[in-house]
Amino acid sequence: MGMSRRALLLGGAGLVAGGTWAALSPPGRRLLGWTGRDGVVPDVPPVPVQPTPWGAWMGAAGPVVLVLHGRGGSVAWWEDLGLPRFLHGTRLRCAVVDGGDDYWVSLVPPVPFEAALGVSMGGFGVLDIASRQPLKAVAAVSPALFPTWEDAARINGFASREVWERHEPLLHAGRITSPVGVWCGREDPFHDPAVELARAVGAQGAFDHGEHDGGYWRRVLPDAIGFLKSRL
């Protein structure tokens, strides 16, 4: 039996609607070039990287910035992202700490520091620290924040609900008095919580198009580093 014209029209409309939905999803938006350009590591000499038992120093002199990586990261993760080259000419000394997957809730900073920079899980970590001690500046890039315990439990990154409640920056935003910069892409799954936190603490930063990936982080790292440098 042949398909009626009405059925063909409805089927076509469904395909168009489905195609529109796919285009509006983060992968679809990226395919269409709607998530913004990827950042590029500058073609300049890297600052010195000096390994330590707890991670590495990046940069030889200047105010100390605590640097926390994303989940599963390391000093090498930051090197792949290009941080030693982004730091060229900044006169900042970064204490880049190697951590695990516990959202930095067990972190004992290995050295005194004046400011902090973190990406993803590291963004959670530096905001958590800022809720417990004043800093000259805090830069959180794509911070992995969780509005509810149900959201947090899904990633299996906290030993218990009590641990999450003690450290979740969204629950303690009122304690954050340091100057804060937040950058998070519109296509990032953490976009809405990042905006909520930024509004609560009066943060600077930006929420342009971008995903939760290295291309976006390389794009905004110069702004995040500039934010820190201007306050140190």
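This note goes through the fold, the sheet, the helices on it, the cores and the cysteines.

1. Basis. The model is predicted: local features need pLDDT of at least 70 and side-chain atom pairs count only at pLDDT 80 or more, while totals for chains, interfaces and linings use all residues. Residues are numbered from 1 along each chain as its sequence is written, and side-chain values use heavy atoms, with hydrogens and water left out.

2. Overall content. The chain has 9 helices and 8 strands; these are DSSP runs numbered from the N terminus, helices being H or I of at least four residues and strands E of at least two. Of its 232 residues, 48% count as buried, where buried means under 20% relative accessible area, exposed over 50%, and partly exposed in between (1.4 Å probe, protein chains only). The chain exposes about 11200 Å², and carbon and sulfur atoms supply 56% of that area. Accessible areas come from the Shrake-Rupley method with a 1.4 Å probe; for residues, only the protein chains shown count as cover.

3. Contact range. A contact means heavy atoms within 4.5 Å. Among contacts between residues at least 6 apart in sequence, 65% join residues at least 24 apart.

4. Sheet. The 8 strands form an open sheet in the order β1-β2-β4-β3-β5-β6-β7-β8, with mixed pairing. Two strands count as paired if DSSP finds at least two bridges between them. β1 and β8 (204-206) stand at the edges, each with a single partner strand, so one side of each has no neighbour in the sheet. The twist averages 15° from one strand to the next.

5. Antiparallel part. β1 (residues 49-52) and β2 (residues 55-58) pair in the antiparallel sense over 4 bridges and form a hairpin with 2 residues between them. Within this pair, Thr52 stands opposite Gly55 in β2. β2 also pairs with β4 (residues 93-97), again antiparallel and over 4 bridges; here Met58 has Cys94 of β4 as its bridge partner.

6. Parallel part. β5 (residues 115-119) and β6 pair in the parallel sense over 5 bridges. Val119 stands opposite Val141 in β6.

7. Helices on the sheet. α5 packs on the sheet and touches β3, β5, β6 and β7, its direction making about 150° with that of β5. α9 (residues 214-229) lies across β3, β5, β6, β7 and β8, and runs at about 175° to β6. Axes are lines fitted to C-alpha atoms, for helices over the stretch in contact, and angles run from 0 to 180 degrees between N-to-C directions.

8. Nonpolar cores. A nonpolar core is a set of buried Ala, Val, Leu, Ile, Met, Phe, Trp, Tyr and Cys residues joined through side-chain atoms within 4.5 Å. The largest has 40 residues, and those with the most contacts inside it are Tyr103, Leu127, Phe146, Phe158 and Leu197. Elements giving two or more residues to this core include β3 (64-68), β6 (137-141), α7 (161-167) and α8 (191-201). Its largest share, 6 residues, comes from α5. Apart from this core lies another, of 29 residues, among them Val67, Leu83, Tyr216 and Ala224.

9. Cysteines. A search of the whole structure finds 0 disulfides, a disulfide being a pair of cysteine sulfur atoms within 2.5 Å. Cys94 is buried, with a relative accessible area of 2%, and Cys184 is buried at 0%.
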